[in-house]
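Thanks for passing this one along. Here are my notes, in the order I'd look at things on screen.

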Amino acid sequence: MKIMRHLTIAALLSACAAPGLSAATLLDEDFQDGNIAGWSTTGTVYSNAYYGNYSIGLRGGTASATYTLSTSGYVNVNISLDISAHSLEYGESCIAEVSNNGGSSWVNAITLSNGQDNSALYSVSSVAIDADNKAQLMIRYRNGGNDYYDYCYGDNILVTGEVDSGGGSSSGGSNDDYYDELSGSGNVSRSLLTYNTLMNGSDPGSRVNLSAYALPQNAAHPQNAFAGTLTLTGEATGGSFSEVKDTYNYTGSGDNTRKHLPEFSFQFIQTGSHIFPLQRGSIPSAHPNWEYVLTPGRVWQENSDNGYSRAAIPFALQQRNANCMHNGVMTFLFKEDGSTSKVAYQISSETCLYFKADWWGLLSASYTPETIANQSQLIQDYQAEIADRMPTKPLSALSTDYPGTDPSAFEAPNSTDASHVSTAGFIYGGVHYRGDCVTRYGNYPYCDSMVVPSYSSAKSFFAGVAMMRLEKLYPGVRNTAVASHVPACNSNGNWSDVTLDNLLDMATGNYGNATYMEDEGASHTDNLFLTDSHSSKISYSCSQYTRKATPGSQWVYHTSDTYIAGTHMNDYLQDQQGSSADIFDDAIVADLWEPIGVSPTGQYTRRTYDSVAQPFAGWGLMWLPDDVAKIASFVGIDDGEINGQPMLDSNQLGAALQRNSSDTGTVPLADYRYNNGFWAHNVSGNLSGCSGDQWIPFLSGYGGITVVLLPNDSVYYYFSDNDTYYWLEAVQEAHQIQSACQ
């Protein structure tokens with residue numbers, strides 16, 4: 001093959017160059033070294049040599065070769081490539097194509113067919129696709145032949161782009177990353193958290209409407225780039241606090257550690273108009289009460305900020321060793337040379353039944369620019385996380401997409417509870433319809449980044465799903481005895497005939513009082529919830545109750561039983577996969593959550609603080625709203641399948657979702673069932689046109705958390721904290737969109 005490039009590298013750079021921009025070669029592949037490493041292939045793909053020229057060869061109609069690269073931080077990206085064909089017949093082809101969204105869709109670069117199969121190279125000098133700032137740009141060659149003796153060849157791939165070297169961006173600054181570029185003029189009218197307030201204001205200031213922390217409509221793309229550590233000072237004494245509810249009398253009129261933020265010094269990376277933390281999930285600290293959960297925020301430019309860029313970082317305070325979430329946001333001004341303003345912060349909402357409060361203040365801060373290890377990959381991973389979010393619309397769009405639908409039925413459990421609802425959502429037809437994230441001072445401005453706790457819904461989405469995953473991998477695990485996998489439960493004889501299945505059905509036969517929630521509400525449960533070590537938690541769980549009934553016969557709710565179940569499954573998995581195996585990290589995150597695109601925040605669970613680091617299994621997960629939508633869809637809509645591949649035991653999933661009449665679980669109350677950590681309620685007579693029993697599976701969490709998995713391939717959820725658990729109105733409205741009759 002003769003190499004016939006239409007443009008040399010020099011010509012391309014000359015043609016594309018613009019003042020203030022410098023060009024770079026992102027990929028230059030002519031295969032002359034005979035190496036095709038780095039290409040993802042199917043079928044017969046090989047390094048082809050033809051009279052001294054090398055190319056990538058694809059033989060037969062199933063062959064394809066794909067190369068993936070990132071163009072993050074580059075603009076005016078150009079792609080040129082060559083392709084040739086041999087021995088094609090009518091209807092056969094060789095295709096070169098490009099995707100700018102990770103393979104979700106493809107743009108044809110060139111297709112060769114019969115008559116163009118003389119082994120000559122055909123060239124494309126500029127593929128017509130937006131390739132700027134793409135986390136996953138993919139170039140693919142495909143053989144569209146019908147038999148093994150059809151040949152396609154790819155060669156001479158050149159990808160170039162321009163990186164801003166200063167002054168060339170539309171915003172006139174030095175941020176050369178155009179990811180999620182903002183197009184506003186920067187002319188923002190601002191009366192709250194102004195430049196002067198952030199630079200010269202005094203602590204504590206006052207609470208403001210949280211719109212002051214939001215990305216304004218006319219924001220310009222940031223001129224500065226943040227990469228390094230943001231450190232606050234004065235956390236232990238600064239700021240102000242106002243109590244809303246304090247069931248356990250945590251604080252009084254005097255000062256208290258609960259009234260102040262923990263120490264704050266964390267690394268962040270900016271990409272375009274986004275900023276994200278390097279640490280996700282609850283971050284252990286020396287503070288006696290609080291741990292941070294940091295989530296992605298935004299960066300922008302306002303003309304009145306005197307050349308500084310403005311950043312907003314969502315965060316939450318989570319009570320140490322507990323699951324409540326207090327959501328806040330902080331904002332500050334910075335320049336990439338390390339100059340920074342004070343940091344304003346405010347917390348005005350939570351998902352927490354027993355402790356509600358506002359925190360706000362203005363703290364001194366420092367910014368230390370740093371070279372972040374593996375920064376390009378971290379940016380690529382973050383951009384892929386955002387790109388993989390489920391399409392989102394406001395709940396109000398339901399009335400447009402499905403005329404006659406009343407969106408208010410999904411907004412709150414009832415009309416008097418709206419102020420206690422952190423957020424609510426409805427998933428249908430691949431769209432996540434989401435309500436506002438309400439606070440005491442306006443809507444939370446970064447609802448995508450707001451953290452919600454699981455509480456006991458983890459009994460379903462962690463413990464129950466983990467058992468189904470193990471049962472798929474190792475059939476029969478659900479019937480293994482507790483005493484054989486939990487040594488702490490092997491001393492009193494109460495657990496020798498109790499199985500993992502009994503634990504997940506809340507029917508171990510070991511209890512104190514069978515009255516509904518009597519055991520769970522007793523003060524002695526502090527020995528489970530408030531202790532730090534695994535030895536303390538498992539000792540309580542195994543020894544607190546005596547044998548009262550035959551295993552499987554009596555439902556009595558114990559979070560301690562689910563803690564035993566997590567310990568049991570962890571031991572079983574280590575027997576199968578080695579001592580380093582972890583039931584959450586391996587069976588849940590690696591096998592399930594990562595493939596369906598759960599965020600790094602959602603890949604976290606509470607664990608004991610000792611070296612065992614035992615995951616709680618029955619409470620302690622945290623999610624972003626998109627995580628809730630994806631996990632619930634995976635379980636309730638996709639039937640536990642990923643790309644058509646069953647990942648969970650279908651019998652146990654069917655039992656949990658009340659699709660298996662031979663295994664309906666235990667009976668907590670009239671018209672309620674509990675199976676494999678999942679609840680179900682019989683709504684017979686409440687759905688028009690349905691006859692007979694109508695069992696609707698759902699998840700329930702402390703304080704007012706509900707996730708409903710409807711049989712019409714939809715999901716309804718809300719996270720609230722007023723001890724309210726109403727969802728029938730939403731189910732009835734979903735039934736009007738598509739029948740939920742069973």
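1. How many nonpolar, polar and charged residues are in the lining of the largest pocket? The lining has 23 nonpolar, 14 polar and six charged residues. (Ala, Val, Leu, Ile, Met, Phe, Trp, Tyr, Cys and Pro count as nonpolar, Asp, Glu, Lys and Arg as charged, and the others, Gly among them, as polar.)

2. Before going on, a word on the source: this is a predicted model, where local features need pLDDT of at least 70, side-chain atom pairs count only at pLDDT 80 or more, and totals for chains, interfaces and linings use all residues. Numbering runs from 1 along each chain as its sequence is written, and side-chain values use heavy atoms, with hydrogens and water left out.

3. Back to that pocket: the volume of the largest pocket is about 1300 Å³. Its lining counts 43 residues, and Tyr455, Ser456, Glu520, Phe529 and Tyr702 are the closest to its centre. Helix 8 (526-529), strand 33 and strand 34 each give two or more residues, with strand 34 supplying the largest share, three. (On a 1 Å grid over the protein atoms alone, a pocket is an open set of points with protein on both sides within 12 Å along at least five of seven lines, whereas a cavity is a set where a 1.4 Å probe fits but cannot get out; lining residues have an atom within 4 Å of a point. Grid points are joined across faces, edges and corners, and a volume is the space filled by probe spheres set on them. Helices, H or I with at least four residues, and strands, E with at least two, are DSSP runs numbered from the N terminus.)

4. Eight strands make an open, mixed sheet in the order 21-23-22-36-35-34-33-32. Strand 21 (392-394) and strand 32 (672-675) are the edges, each pairing on one side only. (Two strands pair if DSSP finds at least two bridges between them.) From one strand to the next, the twist averages 25°. Strand 22 (residues 421-428) and strand 36 (residues 714-720) run antiparallel, joined by seven bridges; Thr423 has Phe719 as its bridge partner there.

5. Have a look at strand 33. Five of its five residues are buried, so the strand is largely enclosed by the rest of the structure. (Buried means under 20% relative accessible area, exposed over 50%, partly exposed in between, with a 1.4 Å probe and protein chains only.) Phe678, Ala680 and Asn682 point one way, Trp679 and His681 the other. Strand 32 and strand 33 form a hairpin with two residues between them, and Asn676 in the turn has a positive phi of about 55°. Tyr674 is bridged to Trp679 in strand 33, while Asn682 stands opposite Trp695 in strand 34.

6. The second largest pocket comes to about 680 Å³. Ala384, Ile386, Ala387, Asp388 and Arg389 lie nearest its centre, out of 28 lining residues. Helix 3 (375-387) and helix 12 each give two or more residues, and helix 3 has the largest share with four.

7. Finally, which residues line the second largest cavity? They are Glu385, Arg389, Gly597, Ser599, Leu624, Asp626, Asp627 and Lys630. The space inside is about 50 Å³, and helix 12 (residues 625-636) gives the most to the lining, three residues. By class, the lining splits into one nonpolar, two polar and five charged. The whole structure has three cavities of 30 Å³ or more.

How values were computed:
Axes fitted to C-alpha atoms, helices over the stretch in contact; angles between N-to-C directions.
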